[in-house]
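Please open the structure in your viewer and keep the selection panel at hand. The tour goes from one selection to the next and says what is found at each stop.

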Amino acid sequence: MKNVVISLFKKIDSYGIDCCVLRGYELLPNTVINDLDFFVKESDVSKFYSILVELSSFFDASLKITTVRQGVFKTEICFTDFTLKVDFWYQLTFVGLHYVKSSEILSSKTLNPNGLFFIPTPEMELNVSFTKEVLHNQWVRDDKSSHLRSLLNKSSSIPFGFNRTKFESVLSKSGVKQFKLFLEVLFFILKLNIKHFGVVNVFINVLAFYAVKYSNKYKKKSLDKLLISGARL
């Protein structure tokens, strides 16, 4: 797996794809924790997929797209003795609401100390990871709490205008449902989306989320766009 992961990073670099590893990068390339989560510039998505096709072919593995959602494609590269899961995101949304600007993630990315790939800044990773936990789970998982504390200690800013005391209080309740916190974060993001996109576009984005999630027609459109443009480099 290490050889495959290193080859993937080298291909990303050689083709000039603008992306970063969102999380779980601490032990890379020696160990992959669950899966590889990339954030990719939207205009580079098809090129990124082409690299996965090329990589799978080179190592005589099969490539499967397992999930298509708004802003993300989830894939599996299946080898004889292991499966490498590679998810590549080009938008970070919750039911169609953008909770981080794509341009901000990539413009602020930093080179990992091993020099193989880029990662988000501590502030950006804190924002992304914390928001995902609260919106998708309505709590902070126990196994995430210590990592978020570490990011908090390295960050110069805190998401949603929280002060450090409030943020630490939230983390101290890891593993406990915090519905009030969920609503607070959700309304904060909703207001930001209305400010940046307008009410009509926010409504359209929400509809688009459910269309891609539940409609085979829209899911097929997303796949066709990826496969047609990304079949060859």
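**A tour of pockets, a helix and rings**

Begin by selecting β7 (97–100), α3 (102–107), α4 and α7 (179–197), each of which supplies at least two residues of the lining of the second largest pocket. The model is a predicted one, and the second largest pocket in it holds about 430 Å³ of space. If you colour the lining by element, α7 gives the most, with 6 residues, and if you colour it by class, you will find 10 nonpolar, 7 polar and 3 charged residues.

By class, the lining of the largest pocket divides into 11 nonpolar, 10 polar and 14 charged residues.

Now select helix α2, residues 45–58, whose 14 residues reach 20 Å from the first C-alpha to the last, close to the 20 Å expected at 1.5 Å a residue. Its buried residues are Val45, Ser46, Phe48, Tyr49, Ser50, Ile51, Leu52, Leu55 and Ser56. After α2 comes Asp60, which has a positive phi near 55°.

Stay in this region and show the aromatic rings, of which the whole structure has 18 pairs. In one of them, the ring centres of Phe59 and Phe79 are 6.3 Å apart and the planes stand at 70°, so the pair is edge-to-face. Because Phe59 lies in the loop between α2 and β3 and Phe79 in the loop between β4 and β5, the pair ties together parts that are 20 residues apart in sequence. Phe59 is partly exposed, at a relative accessible area of 25%, whereas Phe79 is buried, at 15%. Selecting Phe9, Phe38, Phe48, Phe73, Phe88, Tyr90 and Phe117 then brings up a cluster linked by ring pairs.

Finish with two lysines. Lys109 lies over the face of Phe118, at 4.9 Å from the ring centre, and the charged end of Lys177 sits over the ring of Trp139, 5.4 Å from its centre.

Notes
Residues numbered from 1 in each chain as written. Predicted model: local features only at pLDDT ≥ 70, side-chain atom pairs only at ≥ 80, totals over all residues. Heavy atoms only, no water. Nonpolar A, V, L, I, M, F, W, Y, C, P; charged D, E, K, R; others polar. 1 Å grid on protein atoms, 1.4 Å probe; cavity = no way out; pocket = protein on both sides within 12 Å on 5 of 7 lines; lining within 4 Å. Points joined across faces, edges and corners; volume = space filled by probe spheres on them. Helix = DSSP H or I, 4+ residues; strand = E, 2+ residues; numbered from the N terminus. Expected span 1.5 Å × (residues − 1). Buried < 20%, exposed > 50% of the residue type's maximum accessible area, 1.4 Å probe, protein only. Phe/Tyr/Trp six-rings, centres within 6.5 Å; stacked < 30°, edge-to-face > 60°. Lys NZ or Arg CZ within 6 Å of the ring centre and 35° of its normal.
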